[in-house]
Structures are given as C-alpha cells and as structure tokens.
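Good morning, colleagues. Please look at the sequence and the structure on the screen while I take you through a few of its features.

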Amino acid sequence: MAVTPYTIDSVVPGTMHGVHRLRNGITIDIPFTHPDVFDPSNLSNWNDIDVFDVDTVAKFPVGTLLKINMKYYMYTEYGATIAAGDLLQSEGPDAVHDALPPTATAAGLSQFEVTSPESGSADFIKNEYAGGNVIAQINGTPGYEYEILAHDTLDISAAGTMTVRIMGNLAVALAATDDLAFLKHVAKEVIECPTTLTGAPFGVAKAVQADGQFGWSGVKGPHAVKTEGTVVVGTGVRPSETTAGNVAAMVYDEDDDADLGLIGTVVDVGATGGFSLVNFHGNGIA
C-alpha cells in the first residue's frame with residue numbers, strides 16, 4: 001500500500017481525544033489519556049502519519065486507532081523484538097498483580113489505594129497499566145471492572161500503598177478484603193505470538209520493532225501475516241501452535257485441545273513459509 005502523509009488539521013492541544021477526520025477520508029480515534037501518561041502538548045509535533053514508522057518516543061497515546069479504507073491500525077508499544085508480518089500477542093497477566101487488596105474506599109470516588117503484599121519482586125512501574133483495566137475478582141462485590149487512567153509506583157516487597165485513578169467513579173465501595181486484578185492495555189508491551197499463548201492474540205506488526213519502541217499494528221481488515229503450512233482462500237486461520245509469529249489453518253476438531261481460536265479469514269495465499277493476506281476480524285474493534 002502506498003502511504004501518503006496525513007495531517008491533523010483541526011485538533012487543539014488539550015482537546016485531542018476523540019474521533020477526527022483527516023484528509024482523504026482517513027479517521028483517527030485518540031483515546032482520552034491522563035496528562036501524567038501522555039502530554040497532549042506533544043500534538044504540535046504530530047504532522048505526518050506513516051503506518052510503517054518506528055518511533056522511540058510515543059507520538060500518539062497507546063491504543064490510538066487509525067482507519068484507512070478497510071484497514072484498521074492501533075498505535076502499539078512493543079515489548080520484544082518483532083519482525084514485519086509477525087502475528088502479535090498482548091502481554092499476559094502478571095500473577096503477582098492479579099490478586100491485590102485495596103484499602104476501604106467509598107463508592108463514587110474516582111481513585112483508590114492498593115496495598116502492597118510485602119513480598120515478591122514484580123514492582124509496579126508508574127502508569128504501566130494506564131489504559132488497561134482493574135477488575136474486582138473475589139470477596140466484596142466481584143465483577144466490576146474499571147479503566148485505569150493513571151497510577152503510582154509500588155514496591156511490592158515493602159509496606160506501602162499505590163494510588164490508582166480510574167475513568168469515571170467506583171460503582172460500589174471497595175473493602176480491604178476485596179481482590180483486584182490488573183491487566184494492561186491490549187496494545188501495551190505486545191510480543192510475538194508464542195506457540196503456547198500467555199495472553200490474547202492482538203494483530204500483526206507492520207514493521208520491524210524492538211523492545212520499548214512504538215508503531216502501528218494491523219488489527220482489523222486485510223493485513224499480510226506470516227503463514228505456516230497450507231491455508232485456503234476463504235477459510236479461517238488461528239495462531240500457529242508450532243511456529244511463533246505465524247498463523248495456520250483453522251482446525252475444526254472438538255477433540256483438538258491445541259486449537260487456538262479463529263482470528264481471521266484468508267484473502268490470498270502466499271508461498272509456503274511466506275506471507276498470506278488475512279482479513280483480521282478485529283476482536284471487537286468496530
């Protein structure tokens with residue numbers, strides 16, 4: 001695809017979030033982001049968009065969605081070395097961050113504190129879960145989940161608490177006996193999709209990336225992806241269970257426990273061991 005630079009003409013720093021129409025019918029959807037996570041004044045440097053760009057500093061909030069005709073792209077932070085055309089996976093949950101107690105907090109507030117377990121080494125890095133979710137798991141009133149706007153650091157090996165700010169307000173009170181699970185944004189610190197999934201399949205890399213870099217990933221519509229084995233036009237594909245970063249033909253066998261789930265439909269078949277064009281279903285992206 002020939003890529004033409006597109007200019008954001010009408011967005012004012014501080015009001016960047018929302019859906020904006022660029023030239024040639026291109027649209028960009030910029031999520032609301034806490035200024036501690038992303039400085040909206042950086043918008044003045046965002047003039048051209050190239051889906052093959054590799055950035056060492058984020059030019060958009062992670063999770064920004066770009067639509068060019070039938071193709072959707074999401075601005076992504078990479079957590080490992082990635083090749084162009086690699087199938088990607090979101091970072092899996094961290095077991096130590098999967099059952100943390102809050103301090104008692106009344107309903108209606110937009111922030112709360114989490115208490116350190118005083119053990120382990122997987123400390124919270126400031127705002128690593130921004131844009132992700134926190135879910136009430138057990139005790140109290142489980143089942144409520146909230147989008148995380150920002151949070152502090154937390155040394156989980158020492159006594160202390162961490163402030164977490166959420167989008168909106170707590171629907172119900174939190175009790176100190178509750179357990180909270182933290183999950184990162186699906187586009188944050190993604191990796192090459194492994195043969196044994198540790199998280200959810202995400203999309204496909206558009207360029208060579210390294211750990212800590214940023215760029216656009218193909219998440220819906222037709223995108224070239226590495227292919228293993230024989231695939232057939234018009235049929236489904238899934239993550240490969242033998243070659244990382246590849247897709248393979250869907251196996252409709254209820255007894256096959258290794259069947260990893262449908263992620264797209266083949267549009268064009270590439271050479272064996274090469275790249276096929278797959279219409280990615282988008283995992284809920286409208």
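Predicted model: local features only at pLDDT ≥ 70, side-chain atom pairs only at ≥ 80, totals over all residues.

**A buried threonine and the nonpolar cores**

The side chain of Thr-105 reaches the backbone oxygen of Thr-103 at 2.9 Å.

Thr-105 sits in the loop that runs between strand S6 (87-89) and strand S7 (111-115). Is Thr-105 buried or exposed? Its relative accessible area is 9%, which is under the 20% limit, so Thr-105 counts as buried. Beyond its neighbours within four places in sequence, Thr-105 is in contact with Gln-111, Phe-112, Glu-113, Leu-170, Ala-173 and Leu-174.

Phe-112 brings us to the largest nonpolar core, which has 19 residues. Phe-112 is among the residues with the most contacts inside that core, as are Val-134 and Phe-182. At least two residues of this core come from each of S7, strand S8 (133-136), strand S9 (145-151), strand S10 (161-166) and strand S11 (180-183). The largest share, 3 residues, is supplied by S10.

Phe-182, leaving out residues up to four places away in sequence, touches partners including His-97, Tyr-129, Val-134, Ile-148 and Val-164. Apart from this core lies another, of 16 residues, with Met-16, Leu-22, Ile-68 and Tyr-73 among them.

How values were computed. Residues numbered from 1 in each chain as written. Heavy atoms only, no water. Helix = DSSP H or I, 4+ residues; strand = E, 2+ residues; numbered from the N terminus. Buried < 20%, exposed > 50% of the residue type's maximum accessible area, 1.4 Å probe, protein only. Polar contact = N/O pair within 3.5 Å; in protein donor to acceptor, adjacent residues only side chain to side chain. Contact = heavy atoms within 4.5 Å. Core = buried A, V, L, I, M, F, W, Y, C linked by side-chain atoms within 4.5 Å.
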